[in-house]
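Subject: Handing over the structure

Hi there,

Here is the structure I promised to pass on to you. Please open it first, and then read on with it beside you.

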2 protein chains.
Amino acid sequence: MRVHLGPDHDEHLAAAIVEGGGTLVPLHEAEALVWHGDVDGFPELPAGVRWVQLAFAGIEPFFRAGIIDPDRIWTNASGVYADNVAEYAVGALLVGLRQFHGSIAAAARPVQRWQKPVLDPQVRMLHGSTVAIVGCGGIGRAMIPRLRALGVDVVAVNYSGRPVEGASVTFPASRTAEVWTMADHFVVAAPATADTDRLVNAEALDAMPDTAWLVNVARGNLVDSDALVDALRGGKIAGAVLDVTDPEPLPDDHLLWTFDNVVITPHVANTRTGLNATLAPTVRENVARFIAGEQLIALVDPAAGY
Amino acid sequence: MRVHLGPDHDEHLAAAIVEGGGTLVPLHEAEALVWHGDVDGFPELPAGVRWVQLAFAGIEPFFRAGIIDPDRIWTNASGVYADNVAEYAVGALLVGLRQFHGSIAAAARPVQRWQKPVLDPQVRMLHGSTVAIVGCGGIGRAMIPRLRALGVDVVAVNYSGRPVEGASVTFPASRTAEVWTMADHFVVAAPATADTDRLVNAEALDAMPDTAWLVNVARGNLVDSDALVDALRGGKIAGAVLDVTDPEPLPDDHLLWTFDNVVITPHVANTRTGLNATLAPTVRENVARFIAGEQLIALVDPAAGY
């Protein structure tokens, strides 16, 4: 099977293609394309390319650019980075609840760095709490055993409402509004679609407990940034940890940088640096499956948009 | 049973004493003392006091002050706060490995707050790593299921070397030196005794992988602060997260504050604020057991010093 690797060479992915049974070829000779770049620079596809493997889990820029057509097989990296992102989300909850950010901010001052009297009463325990995972797909499923071992009860929201293993209860997306009052803290991990744009809006933030921490590991636009600023000003929630922002990158003068109860990380829940090494086993498996005529891992549904 | 509660009233502990079957009395009438204060102000004990319940897990100041005598029964809070501290330690590992501290520091700057190119290559995953818990008692045992769910392999060190459930291997304290080369990261959770003073010294830090994160949730003096400063300067380890320091509180001009890969929190792994509410069930149970003539929870061994 003839596979092109673009936009440039990568040792992990090249080895995976060969180990899966493929041969590396120029694009015009290829039956399949493994593309580990962004949407910018994505090539015109020759007719011979029947399958495209993308390297990201969130591929809405490829949809927006009209690249994903229903005539070919498309696979993405959905689920591949789930452990990385789930681990980040657990860390994000602990950073907020356990006030690591407050200690780190205090330590950066020249004096009164040991802020025991201020921070001690603000620390909250994660164990014994209920966390809602809004958009409980691969990342959410990877979070559940981690959270349960940490003594957390999980409420899941997914598209269908089909029960997620390990969650105490699963709601369909149509009933998301009920969930904001049912949990102590919230992790947003849904795909970015027309339905999930500004899913966390003013009403949602208002409904959450004022002790709630909000974590976003999905896409920035799933949280309404203006509504979040208002909610933080009004003390409607305890704080937020955001690995994705709207806009992204978040401009230096954005108000969200100014809150001492907001932690912003620069989209590192899954890292670009480790991307190809993490993706390689999936590429190897998908090349082997394509050759064997089997169903591929992480098929994209062009109609659903993810 | 007549119990005195000191140094002052507390609603959680008073209710627990009564629920356990006790009656609150002045100290000179008491058979038992529940003391939720520090060593300062600890009273001269009347001969009638046969049992003293202390509120902390680490009670070496009471030993140093010569308060703990072998003629009475003493109990502490060993294990009571294990979930709180274990949760903190897991959070501490994630803060360091996932570079939350770097994001928080960058966010505090006026410009170039979104430090993706700098931070992305520095992020490390916790899953797939090996963590050594040095001093694997109640806190360590509470950490193990949490770490395993996070995809971590655990190496335990305890005094006897008796296997700890869930650890891949358990070493006796006499072989601690071997462990520094066997794990990726290290959590210090041993009691403070003469044997554990400066347990993490220059040799230990030198033996650790230079990618190691060190977490201390025990007592500050278990880590040699000067040796730690040297190791950080020399790049011998990746960083440290310290909830306890030597000296403590850490003075504002201490060198440990100056490293961007050191996170210092002001002894909040277990909080003073939530202490009595967390301790109350143990006090209730111990009062009931004392009345029934049963063995108490968290007996102190005056000979062992913890």
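Predicted model: local features only at pLDDT ≥ 70, side-chain atom pairs only at ≥ 80, totals over all residues.

**How the two chains meet**

Let's begin with the pair. Chain A puts 48 residues in contact with 49 residues of chain B. On chain A, the elements that each supply at least two residues to the side touching chain B are α3 (82–97), α4 (100–107), α5 (116–119), α6 (138–149) and β12 (262–264). The biggest giver to that side of chain A is α3(A), with 8 residues. Sorted by class, the side of chain A that touches chain B holds 26 nonpolar, 13 polar and 9 charged residues.

The axes of α6(A) and α6(B) are 8 Å apart, and the helices pack at an angle of about 180°. The two helices are therefore roughly antiparallel to each other.

**Two domains in a chain**

Now take chain A by itself. Chain A is divided into domain 1 (2–80 + 272–292) and domain 2 (82–264), so you will find domain 1 written as two stretches of the chain. The C-alpha centres of these two domains of chain A lie 32 Å apart. Their contact takes 5 residues from domain 1 of chain A and 6 residues from domain 2 of chain A. On the domain 1 side of that contact in chain A there are no nonpolar residues, 4 polar ones and 1 charged one.

**The sheets, seen in chain B**

For the sheets, please switch to chain B. One open sheet there has 7 strands, in the order β8-β7-β6-β9-β10-β11-β12, with parallel pairing. At its edges stand β8 (169–172) and β12 (262–264) of chain B, each with a single partner strand, so one side of each has no neighbour in the sheet. On average, neighbouring strands of this sheet are turned by 15° against each other, direction ignored.

Within this sheet, β6 (residues 130–134) and β9 (residues 185–188) of chain B pair in the parallel sense over 4 bridges. One residue pair to look for is B:Val131 with its bridge partner B:His185 in β9(B). Helix α6 (residues 138–149) of chain B packs on the sheet, where it touches β6, β7 (153–158) and β9 of chain B, and its direction makes about 170° with that of β7(B). This α6(B) is the helix that packs against α6(A).

The other sheet of chain B to visit is an open one of 5 strands, also with parallel pairing, in the order β2-β1-β3-β4-β5. Its edge strands are β2 (23–24) and β5 (73–75) of chain B, each pairing on one side only. Strand β1 (residues 2–6) of chain B pairs with β2(B) over 2 bridges, and B:Arg2 has B:Thr23 as its bridge partner in β2(B). Helix α1 (residues 11–19) of chain B packs on this sheet and touches β1, β2 and β3 (32–35) of chain B. Helix α10 (residues 275–292) of chain B also packs on it, touching β1, β3, β4 (51–54) and β5 of chain B.

**Backbone details**

Most residues other than glycine have a negative phi, and most peptide bonds are trans. Here are some places to check against that.

- A:Glu248 and A:Pro249 are joined by a cis peptide bond, with omega about -5°; A:Pro249 sits in the loop between β11 (239–242) and β12 of chain A.
- The bond from B:Asp246 to B:Pro247 is cis, with omega near 0°; B:Pro247 is in the loop between β11 (239–242) and β12 of chain B.
- A:Gln99 is not a glycine, yet has a positive phi of about 65°; its place is the loop between α3 and α4 of chain A.

Enjoy exploring it!

Best wishes

Notes: Residues numbered from 1 in each chain as written. Chains lettered and ligands numbered in written order. Contact = placed C-beta atoms within 7 Å. Nonpolar A, V, L, I, M, F, W, Y, C, P; charged D, E, K, R; others polar. Pairing = 2+ DSSP bridges. Axes fitted to C-alpha atoms, helices over the stretch in contact; angles between N-to-C directions. Parallel < 35°, antiparallel > 145°, perpendicular 65-115°, else oblique.
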